[in-house]
Amino acid sequence: MESFIVSARKYRPMTFKSVVGQEHITTTLKNAIKNNQLAQAFLFCGPRGVGKTTCARILAKTINCTNPTADMEACNECDSCRSFNDSASFNVFELDAASNNSVDDIRELVKQVYIPPQASRYKIYIIDEVHMLSTAAFNAFLKTLEEPPSYAKFILATTEKHKIIPTILSRCQIFDFKRIKSEDIAKHLQYVATQEGINAEPEALHVIAQKAEGGLRDALSMFDQLVNFCNGNLTYQSCIENLNVLDSDYYFRFVDFFRAGDISNSLLLYQQIIEKGFDGQHFITGLAEHLRNLLVSLDPATTSLLETSDSIRAKFVQQSQQCRLPLILKYLEIASDAEYRYRDASNKRLFVEVALMKMANLLNVQQVQPAPVAQQPQQPQQQPSVAPVVQPAPQPQPAQVPTSMPPTVQAPPQPPKTQLQPQAQQPTPIVKPAQVKIPTNLNTSFSINAQPQQTPVEEKKNEPITLSQEELEKQWHELAEVKKLTNMEIFTVMNDKQLKFIDQENFEVIVNNSIYETRFKKFKSDILEALRYRTGIQELNFAVKVVPLYDENKEKLFTTKDKFAAMLKENPALLAFRENLFQDIDY
């Protein structure tokens with residue numbers, strides 16, 4: 001029975017060309033070899049599983065190759081390449097600094113450096129996890145690293161560059177390895193699946209790539225595990241079940257419920273997620289990531305930022321077209337705030353459910369505006385011989401007739417309310433008084449206040465109002481109540497603040513310390529935008545005035561004598577009063 005070799009070792013890159021996602025590193029190294037400009041020391045740093053040690057081995061193999069290709073790749077045919085592939089090279093040494101980190105280990109290495117290589121051009125030392133060396137070991141290594149023999153090359157690798165002392169960093173050429181893109185990892189996994197004869201869905205490979213978070217070695221380890229779980233048929237459903245990943249369809253359904261204002265189904269769907277064993281933190285993080293993907297899907301220029309398969313990318317684009325940018329930003333704001341504050345919540349399930357209810361109710365909250373004049377359907381036009389009188393006063397008043405006209409004709413008495421409201425269930429529309437003439441057969445012409453055709457009043461959302469201290473406080477209080485449902489931080493800033501009306505376009509907000517002044521600067525634009533909409537005054541503005549509760553410059557009085565002296569300055573007659581009232585007391 002043949003021994004099994006994990007994919008991370010079996011498909012480990014052997015040439016610069018096969019390295020995944022580090023083209024900026026491999027191109028620089030090949031040019032250095034081609035131009036014969038190799039430094040004496042290299043430092044490869046970056047996250048785990050991105051190819052640091054792999055590139056160090058390829059570099060060591062290539063610079064000792066006696067017959068490199070035109071593209072500066074090792075030939076894999078010469079004696080040096082064959083001995084390296086068989087792990088039998090006497091000129092390439094790998095040292096694990098995690099277990100050989102003492103000053104004695106470095107001193108032993110320094111002694112070996114001065115022994116020339118055998119049948120090769122260079123003697124190469126690869127020191128992995130070099131940040132684990134002690135300070136004394138680093139100091140013992142400094143001189144050799146700076147001025148080694150011409151045949152000696154050092155390749156250091158680490159995941160924590162900040163732990164290496166600056167004197168070591170200054171002696172090395174530093175190469176920063178980046179996290180590998182999910183798309184590149186998915187392509188490499190597809191290559192491995194093809195070589196192994198495994199049927200793998202593209203969505204499944206993208207799930208593995210996203211779960212690996214930029215590490216190719218982690219991705220290949222998960223790939224091997226899932227192949228055993230699926231028995232060679234790698235599907236999307238089996239991947240999300242085995243890797244404890246929440247299906248993206250849940251997030252699409254949540255957004256649909258938010259747009260429909262469906263709180264009940266949102267809570268029921270979250271219950272299903274909890275029953276599957278997912279943590280609230282995991283869910284809220286995934287929801288925020290989903291909303292971010294919706295945001296970048298709005299513009300075709302940013303759709304490339306989606307690290308997912310083509311089919312799921314199409315779903316994001318389709319759902320983003322049904323949402324508006326301000327709405328997605330509000331969703332994202334609530335989700336990000338919930339993710340940040342989740343750890344501090346005592347009742348974590350209720351905390352997540354409140355966030356879901358806020359998002360589902362967001363459209364209803366945005367519709368809370370100052371109540372405009374309600375529109376009424378137009379009533380059929382009637383032409384009575386004399387229109388009924390509509391008087392603002394309780395008693396009907398006769399109309400004013402010019403002196404040049406014939407004698408006054410009084411208007412008919414006000415009809416009962418039942419005649420003015422033929423439909424008891426329908427409110428009476430608001431109409432404007434108009435001038436109506438009496439027919440000519442009465443041989444009289446005069447005007448009275450009458451009820452014309454019932455024309456509905458059009459709604460004007462931005463109709464300016466006359467601003468006063470009372471109206472300003474009213475609008476401010478109503479806006480604070482609206483913000484209480486959508487943004488508690490703005491409500492806290494606005495609540496219980498004293499306002500000072502100046503004119504129709506300016507007012508002051510009185511605060512008692514500079515902290516509120518700083519917080520008002522943060523939310524001033526949002527508050528002004530809402531107030532201008534509510535009042536219809538587009539030039540409305542306010543300033544924040546700090547009035548401390550206590551005068552810090554005022555002299556503090558502690559003893560009774562100090563207090564009496566202060567009172568005596570304001571009213572000198574107190575001295576005579578004290579003398580007359582307390583004659584027997586010795587002061």
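I started with C323, which is buried at a relative accessible area of 7%. Here buried means under 20% relative accessible area, exposed means over 50%, and partly exposed is in between, using a 1.4 Å probe and protein chains only.

A note on the model before going on. I am working with a predicted model, where local features need pLDDT of at least 70, side-chain atom pairs count only at pLDDT 80 or more, and totals for chains, interfaces and linings use all residues. Residues are numbered from 1 along each chain as its sequence is written, and side-chain values use heavy atoms, with hydrogens and water left out.

**Cysteines**

I looked for disulfides, taken as pairs of cysteine sulfur atoms within 2.5 Å, and the count comes to zero. C65 is in no disulfide, and the nearest cysteine sulfur, that of C75, is 3.4 Å away. C65 is also buried, with a relative accessible area of 9%. As a reminder to myself, a disulfide is a covalent bond between the sulfur atoms of two cysteines.

**Nonpolar cores**

Next came the nonpolar cores, each a set of buried Ala, Val, Leu, Ile, Met, Phe, Trp, Tyr and Cys residues joined through side-chain atoms within 4.5 Å. The largest has 55 residues, of which F42, F44, L59, I208, F223 and L234 touch the most other members. I then listed the elements that each supply at least two residues of this core: α2 (23-34), β1 (41-45), α3 (52-63), β3 (123-128), α8 (182-196), α9 (202-212), α10 (216-230) and α11 (236-242). The helices (H or I, at least four residues) and strands (E, at least two) are DSSP runs, numbered from the N terminus.

Which helix gives the most to this core? I found that α10 does, with eight residues. Leaving aside neighbours within four places in sequence, F223 is in contact with S7, L189, V192, A193, I198, L205, I208 and L234. Apart from this core lies another, of 39 residues, with F278, F283, I312 and A338 among them.

**Aromatic pairs**

I counted rings of Phe, Tyr and Trp (its six-membered ring) as paired if their centres lie within 6.5 Å; planes under 30 degrees apart are stacked, over 60 edge-to-face, and the rest tilted. That gives 20 aromatic pairs. One of them is F252 with F316, a tilted pair at 4.9 Å centre to centre and 50 degrees between the planes. F252 lies in helix α12 (residues 248-260) and F316 in helix α15 (residues 310-320), so this pair ties together parts that are 64 residues apart in sequence. Both F252 and F316 are buried.

F520 and F542 make an edge-to-face pair, 6.0 Å centre to centre with 75 degrees between the planes. F520 is in helix α22 (residues 514-535) and F542 in strand β12 (residues 541-546), 22 residues apart. Their relative accessible areas put both in the buried class, F520 at 1% and F542 at 3%.

I also noted that ring pairs link Y251, F254, F258, Y270, F283 and Y331 into a cluster.

Then I checked for charges over rings, meaning NZ of Lys or CZ of Arg within 6 Å of the ring centre and within 35 degrees of the ring normal. K524 lies over the face of F542, at 5.3 Å from the ring centre. K348 lies over the face of Y342, at 4.9 Å from the ring centre.

**Helix α22**

Where is α22 kinked? The kink, about 60 degrees, is centred on F523; the bend at a residue is the angle between axes fitted to the seven residues ending there and the seven starting there. Buried residues in α22 include F520, F523, I527 and R534. What covers the buried residues of α22 includes α20 (469-486), α21 (488-494), β11 (506-511) and β12. Just after α22, G536 takes a positive phi of about 75 degrees.

**Loops**

Most residues other than glycine have a negative phi. S87 is not a glycine, yet has a positive phi of about 55 degrees. S87 sits in the loop between α4 (79-85) and β2 (92-96) and is exposed, at 69% relative accessible area. E129 has a positive phi too, near 50 degrees. E129 is in the loop between β3 and α6 (135-146) and is partly exposed, at 25%.

My last stop was N64, in the loop between α3 and α4. Is N64 buried or exposed? N64 counts as buried, at 4% relative accessibility. Leaving aside neighbours within four places in sequence, N64 is in contact with S80, N91, V92, S120, R121, Y122 and I124.

Key:
Contact means heavy atoms within 4.5 Å.
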